[in-house]
Amino acid sequence: MGRVSPSALLPLLGRLVLAWVFISAALPKIQDPVAFSAAVDGYRIVGGSLSIWVAIVLPWLELVIGIGLLTPWLRRASGGTMACLLGLFIALHASAWLRGLDIDCGCFGMSADSPDYRWLILRNLALLTVTIFILRTSTGNKLSPESSL
Amino acid sequence: MLREFLIISLLTALGASYSLFSGLAPRPWAVPDLQAGEIRLEDAQALEVIWVDARSKDAYAAGHAPNALFYDAGDPTGSLAAILEKWLMEPRVIVVYCADEACGTSRKIAEELRANLPDAEIYSLKGGWSVWAE
C-alpha cells in the first residue's frame, strides 16, 4: 500500500471535502426536484419548464462531478466544471442579494430559513479557492500513484 | 479533456433521464409555463405559504385553502392590514388565488400587495381555486 506524500495530502483533503459538499448537495435535490424547482424559481431568472429542467439536470451534474473529482481520469474536467458552477452560484447569490430577494438558497435541498447572502458567497468563494488550488496542483489525469490519490 | 466532458455530460444525461422516466420528476414539457409572478399549486404547498383568497365571500365560505385570509375587495385597507399582520407574525411567501385561470383578480391583488409589502415574496396561484378541485 503506497504512502501519501505530504505534498499530495492537501489536494487529497481538498478533493474529499469538495466531493462531499457536491454529493451531499445533489442527493436531496435529486430526491425532490419539485421543491428544488421552486427554489430555482425564487431566483427569478428562469421560470416555468426551464426551472424544472434546471432542477432535474443540475443535481445530477453535481453528483457526477462530485464523484468525478475522486475519479483520476475525470478529475480535471470535474474540477473545471465545479469551478464554473461555483462562479455561477456566487453570481446568482450576489444578484439575488442586490435585488433584495428573500429566497431559499436551494443549496442542500429546501430550507425555510432566510438566506445569509454574505455567508453563502463567502462559502462558495472558499470552495472556489479550493477548486482552483486542486486544478493547479493536478497536472493531468494520469493514473500514477501520486496523481490518483 | 473533451472526452472527459463528454463522459460527464453523458452520465448527467443518464441520471436526468432516470429522474424523468422513473416519475421522480415532473415532465417539463407537460407543465404549463408560468407567467411572471405565478406559482404552481404543488410548489406553493411545499413552501407552506400564507394563502389569500380573492374570490367572493360566498365562494370563500363554501371552501378555501387551509387558513386562507379572505381578501375583501370592498375593504382593501382592512384586508391589507390583516395580511400585513399575518405576514409580520409569520414572514412566509404569500400566494393569492382567485377562481380560475381566467379570473385575473389574483394577479391584480398580488401586484397591489407587492406595492404595499415590498419585502414580501408574493405570487398568484396558477390556475386559481380550480386546481384545488382537481
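Which exposed residues does the face of H5(A) turned away from its buried side carry? I found A:Arg118, A:Leu122, A:Ala126 and A:Arg136 there. I kept in mind that this is a predicted model.

Next I turned to the other side of that helix. The buried residues of H5(A) are A:Asn124, A:Leu127, A:Val130, A:Thr131 and A:Ile134. Looking down the helix axis, I saw them fall within an arc of 115°, so they line one face of H5(A). Helix H1 (6-31) and H4 of chain A are among what covers them.

I also checked the length of H5(A), residues 117-137. Its 21 residues should span 30 Å at 1.5 Å a residue, and the end C-alpha atoms are 30 Å apart, which agrees.

Then I looked up confidence in chain A. The mean pLDDT is 84, with 86% of residues at 70 or more. Helix H4 (residues 75-98) has the highest mean, 94, and helix H2 (residues 33-42) the lowest, 82. Over residues 142-149 of chain A the pLDDT is below 50, and this stretch has 13 contacts in the model beyond near neighbours in sequence.

On to chain B. I traced five strands in an open, parallel sheet, ordered E1-E5-E4-E2-E3. E1 (38-39) and E3 (69-70) of chain B each have a single partner strand, so one side of each is left without a neighbour in the sheet. E2(B), residues 50-53, pairs with E3(B) over two bridges, and B:Asp53 stands opposite B:Phe70.

Last, I noted that H5(B), residues 105-116, lies across E2, E4 and E5 of chain B, at about 175° to E5(B).

Technical notes: Residues numbered from 1 in each chain as written. Chains lettered and ligands numbered in written order. Predicted model: local features only at pLDDT ≥ 70, side-chain atom pairs only at ≥ 80, totals over all residues. pLDDT = per-residue confidence, 0-100. Helix = DSSP H or I, 4+ residues; strand = E, 2+ residues; numbered from the N terminus. Contact = placed C-beta atoms within 7 Å. Pairing = 2+ DSSP bridges. Axes fitted to C-alpha atoms, helices over the stretch in contact; angles between N-to-C directions. Expected span 1.5 Å × (residues − 1). Buried ≥ 20, exposed ≤ 12 C-beta atoms within 10 Å, placed from the backbone. Arc of directions from axis to C-beta.
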